[in-house]
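Trainee: I have the model open and would like to walk through it. Can we start with the ligand and then look at the strands?
Mentor: Fine, here it is.

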Amino acid sequence: MSIKVSDHTYQTLVSSLGLGRIVSLEVIQPLWSNCGYLVRVYCQSKSLIIKHIELPKQIKNAKGWSSQAAYQRKLRSYHVEMCWYTSFAKSNIARVPQTLMAINNSPSLMLVMEDLHSSGFTQAIESAQKVHLQSCLKWLASFHAQHIQNTYEGLWENGTYWHLATRRDELKALDDPALKKMAGTIDSILTRAPFPTLVHGDAKLANFCFTADGKLAAAVDFQYVGRGCAMKDLVLFMSSAVDPNQCVQMEPWILNQYFSYLKKSLEQFQPHLSPAEVEAAWRPLFPVAWADFQRFIKGWCPSHWKINDYTESLTKMALKYIEENY
Ligand SMILES: Nc1ncnc2c1ncn2[C@@H]1O[C@H](COP(=O)(O)OP(=O)(O)O)[C@@H](O)[C@H]1O
Ligand SMILES: [Mg+2]
């Protein structure tokens, strides 16, 4: 990789933002397949975050598959994230980092954004308490309500990193005949679901930053944002934030909290819509959206901890629901 994380690389852009000299740099993490870095740049008066990507011509992923599809998906995801931060982030009401600069010097991309830490969102959470679950559910409800029927130009036509059209290899590998047979139907039910909106597309707990009291969440990582059924975000969020042993017990609470926040957000953003109608259209699709995620995860890594009694029974429920209703 030709990226060099050094003062020299970033000083010109920091100066052009009027932020003076770089004091120090911190690599937060390398990006996927070592194709870049997420860097925190400390300037004299404040810090900022740079997502700096340079995609090589060919990528081998960690599991040894060398697939053109995986590369294309990743490439597109970084362009989608650039589009999100240049065209959508500013008008988004649920808290996201402010865009400071986006430089597309293909194959090198540089996204310069607000450091959420310096705005009070200092906490990354690995084990969520109810307060964290609530602040994320509020974030998702606001996001989904705001973007119902909105444009998704430049974003994914079908949001989420696991959507079927980009996961043909995993479908081929899926050893679950009933789920495999219904994969296309599940995908099309979700794609045609009423009140289409934007989905974050990778709304896992790690992609939220929290205030110290946990009451406010801000989201990052918009590589898979696009049009979709809101339940897909709720599924991925729950899969990442609720222990599998707690899922049966927590599911009604998660859904009830989400839909009560959604009602408030719909009253704010979509006063012409009936929250009861939106809930009636979306709630039954929660198991269907989980079956869609299960289709991906089971094909990708059959021993994954996200495949468990809860997800197996939810998937069976979804297949039965589809048989009876479609
Ligand atoms: N603007 C930001 N402010 C503060 N922290 C951030 C910001 N952007 C990313 N992070 C932190 O860095 C982590 C990785 O960033 P992310 O964009 O999710 O990269 P990746 O695509 O590799 O997952 C996030 O989970 C978050 O904790
Ligand atoms: Mg991330």
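Trainee: Which strands each supply at least two residues of the shell around ligand 1?
Mentor: β2 (36–43), β3 (47–54) and β5 (108–114) do. Strands here are DSSP runs of E with at least two residues, helices are runs of H or I with at least four, and both are numbered from the N terminus. This is a predicted model, in which local features need pLDDT of at least 70, side-chain atom pairs count only at pLDDT 80 or more, and totals for chains, interfaces and linings use all residues. Residues are numbered from 1 along each chain as its sequence is written, chains are lettered from A and ligands numbered from 1 in the order in which they are written, and side-chain values use heavy atoms, with hydrogens and water left out.

Trainee: Which residues come nearest to ligand 1?
Mentor: Lys51, Glu114, Leu116, Ala206 and Gln223, out of 17 residues around ligand 1. To count as near, a residue needs a heavy atom within 4 Å of the molecule.

Trainee: And what kinds of residue make up that shell?
Mentor: Eight are nonpolar, four polar and five charged. Nonpolar covers Ala, Val, Leu, Ile, Met, Phe, Trp, Tyr, Cys and Pro; charged covers Asp, Glu, Lys and Arg; the others, Gly among them, are polar.

Trainee: Which domains does the shell draw on?
Mentor: Domain 1 (7–114) and domain 2 (120–325), with at least three residues from each. The bounds come from an automatic or database domain assignment.

Trainee: How far is the side chain of Lys51 from an oxygen atom of ligand 1?
Mentor: An N or O atom of that side chain is 2.8 Å from the ligand oxygen. For Gln29, a polar side-chain atom lies 2.9 Å from an oxygen atom of ligand 1, and Asp221 also has a polar side-chain atom at 2.9 Å from a ligand oxygen. The protein covers 87% of the 550 Å² of accessible area that ligand 1 has on its own, by the Shrake-Rupley method with a 1.4 Å probe.

Trainee: Back to the strands. What is the order in the sheet of five strands?
Mentor: β1-β2-β3-β5-β4, an open sheet with antiparallel pairing. Two strands pair if DSSP finds at least two bridges between them. β1 and β4 (99–105) are the edge strands, each pairing on one side only.

Trainee: How many bridges link β1 and β2?
Mentor: Seven, with β1 covering residues 22–30. Gln29 stands opposite Leu38 in β2, and Glu26 has Arg40 as its bridge partner there. The two strands form a hairpin with five residues between them, and Ser33 in the turn has a positive phi of about 55°.

Trainee: What about the β4 and β5 end, how many bridges there?
Mentor: Six bridges join this antiparallel pair, and Thr99 stands opposite Met113 in β5. β4 and β5 also form a hairpin, with two residues between them. Pro107 is in that loop, and a cis peptide bond with omega of about 5° joins Ser106 to Pro107.

Notes: A polar contact is a pair of N or O atoms within 3.5 Å; within protein, one must be able to donate a hydrogen and the other to accept it, and residues adjacent in sequence count only if both atoms are side-chain atoms.
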